[in-house]
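Dear colleague,

Please find the structure below, handed over for your records. My findings follow directly after it.

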Amino acid sequence: MTIKETPQACPAKEHPPACTTPASADPAASAPKTSRRDFLKAGGMLSLSSLMGTAALMTQSDDAEAAAEWGEHFQKNYRLMTDAEKAEARLRLERRYSQEYGKQVTVDTTDAQPGVLMGYALNIRKCIGCRRCVHACVAENNQSRGTRPGEKIEWIQVLRMERGEFSKDKMGHGYPEGLGIQVGGNAYTPAGQVLEGQYHYAPEAVPEKDATYMPIACMQCEKPPCVKVCPVRTTYREADGPVVIDYNWCIGCRMCMGACPYWARRINLTTPVLPKEEMNPVTHYLGNRPRMRGVVEKCHWCLQRTRHDRYPACVEVCPVGARKFGNLLDPESEVSKILERKNVFRLKAELNTFPKFFYFYD
Amino acid sequence: MKKLAIYTLVAAFCGSAVYAFSAADKAAEPAPAAAAAAKEPVVCFESRKGASEITQQEIKPGLPNVKCSPTTGAALWYGDPYEGTVPMGKMPMLEKLPEGHAVVKPRSEKLALMPMCGTACHNGVGPNANPPTLPKDKRAKPNPTMEAMVPDLANLQHGRGRIWCMDCHHTTKRNMLVDHYGDPVSFDQPQLLCGKCHGDKLRDWRDGIHGKRIGDFTSTGKKRWFTCTECHNPHNVQDGARNRGFVQLQPEPSPQLPKGMKDAKHELMHPIPH
């Protein structure tokens, strides 16, 4: 186009050398448009407007599901959406979910509040491994809860780890077996080894005397590896801390699942199973709104609650009060007090992911 | 109205049949009828069994106040964190909290026997003594009546034999606890008593590090505070079977096994046998 247009912009007879310069990148200095371009543009506008007309017709149809799907095809990445577009998307989703689940569903789009940086702390000594947080999370966040493989999704994992012991009768054990001269026998007894932990423990009662428990979920890293690898930039860190996913832009490539060092992300391999009566109608766009098949999901610190100053669901049900949540920018918040007063560590701190999820102990 | 008519009919029938017991019958008869009409209410325990409980109901259509675990009967999700709460009352160092922003669930509701304690038996005008005399050696005498009502008393597991009843309970006002000055403390504010010895825990609890609070997470927001006795049984805080100051619980179900896996025995295998 540029080469074609240049002769018109610069008459050859006046300043031939000036015409060899390429067309300016400055839009103000652009060449006058040809009638052909105007024609194409008009044609484009016409077809676009007809498409939008169809979309408008579709969105007004009675089937909220179809309208929402149609609308979602033309939707931008959540971060690029204007307030009007967000409101439109919200309305569309509310209609769709309300129809699908037979109750009034709200889809919140509240933004991050200034002066808030969410932080989480977990008392590793107090956790009794009862898994109430796991199931509270499922009740709050509308995860798939079917029975067939891949249909049951839980965001929190509770890891049971054996307590190590040093005993006299094991003094001779170790490498080489029977002699234990190289590593000293007892050194091979497990003492809280993460990779040999159990996820599927099911004793009569917890806590067991010979075990410790370590719940793991998304750490909401300050430098999240999952965000770095996302090819469509659908997952990102919100201004108040949590790493969120715009489910509509997720292509299900699972790069983030591979990148996450904390095993925090889950994928909906199947169509999510979410019974109507169990569905939580209070949702957030970036949070617990029902997901579709083929998208990745994870903990987002209950954005639908925490954006309105409510504790996350897992914090509220922990029977031993091991889970703590607060604003890291507020020196009076419980998490700030913990960071100030207790012995705190981050999981896999050596990876420089800088989690905002802290483990502590008394 | 129809229901009311049925109840009246039932009551009238009972009244005519056995006049002398009419009052008792009236109370007894409508209960099964009401139970048949409405489903059995779901009650779940909050922190530990035997402490505070919550009854499931709907706040608005499709949104319950609490979700209970079908496996263990534990509260799993709060729709309304402030249900059934009252203001906590004065707490030292918490004055900066706005009025009514610290609420607790009254323990006195759960402790059904409590109103009786101070009036029926421990009223200070008992048959044996007026004013009541307490054993000089500060050793509780075995009391079958008391032990039948509160089984944990037979083997008090608190303080390793160095404390006795009157260190915590008020001498003459038995439906109250006692602080350092001998002043009565409500059962709804056990922290004022427990903090006498467990000061470090009280400090952490006050700052939200120890124990549990639900509701609004901002530092001045409205929260329901769980008091000491909602999580700890003061008569049985030390127990050899567990390794923490919290009673053992049945855990919730374990996660789904990976596709094609029959059990989770692989988790029990160690790379090096021991």
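In this predicted model, four strands of chain A form an open sheet of mixed pairing, in the order E10-E2-E12-E11. Its edges are strand E10 (323-327) and strand E11 (343-345) of chain A, each of which pairs on one side only. From one strand to the next, the twist averages 30 degrees.

Within this sheet, strand E2 (residues 118-123) of chain A pairs with E10(A) in the antiparallel sense, over five bridges. A:Leu122 has A:Arg323, in E10(A), as its bridge partner.

Elsewhere in chain A, helix H3 (residues 64-73) has the buried residues A:Ala64, A:Ala67, A:Ala68, A:Gly71 and A:Glu72. Viewed down the axis of H3(A), these buried residues fall within an arc of 130 degrees, so they line one face of the helix. An α-helix has 3.6 residues a turn, so residues three or four places apart point the same way.

Of the contacts in chain B between residues at least 6 apart in sequence, 51% join residues at least 24 apart. The accessible surface of chain B comes to about 16,300 Å², and 60% of this belongs to carbon and sulfur atoms.

Yours sincerely

Key: Residues numbered from 1 in each chain as written. Chains lettered and ligands numbered in written order. Predicted model: local features only at pLDDT ≥ 70, side-chain atom pairs only at ≥ 80, totals over all residues. Heavy atoms only, no water. Buried < 20%, exposed > 50% of the residue type's maximum accessible area, 1.4 Å probe, protein only. Helix = DSSP H or I, 4+ residues; strand = E, 2+ residues; numbered from the N terminus. Arc of directions from axis to C-beta. Pairing = 2+ DSSP bridges. Axes fitted to C-alpha atoms, helices over the stretch in contact; angles between N-to-C directions. Contact = heavy atoms within 4.5 Å. Areas by Shrake-Rupley, 256 points an atom, 1.4 Å probe, with all protein chains shown as cover.
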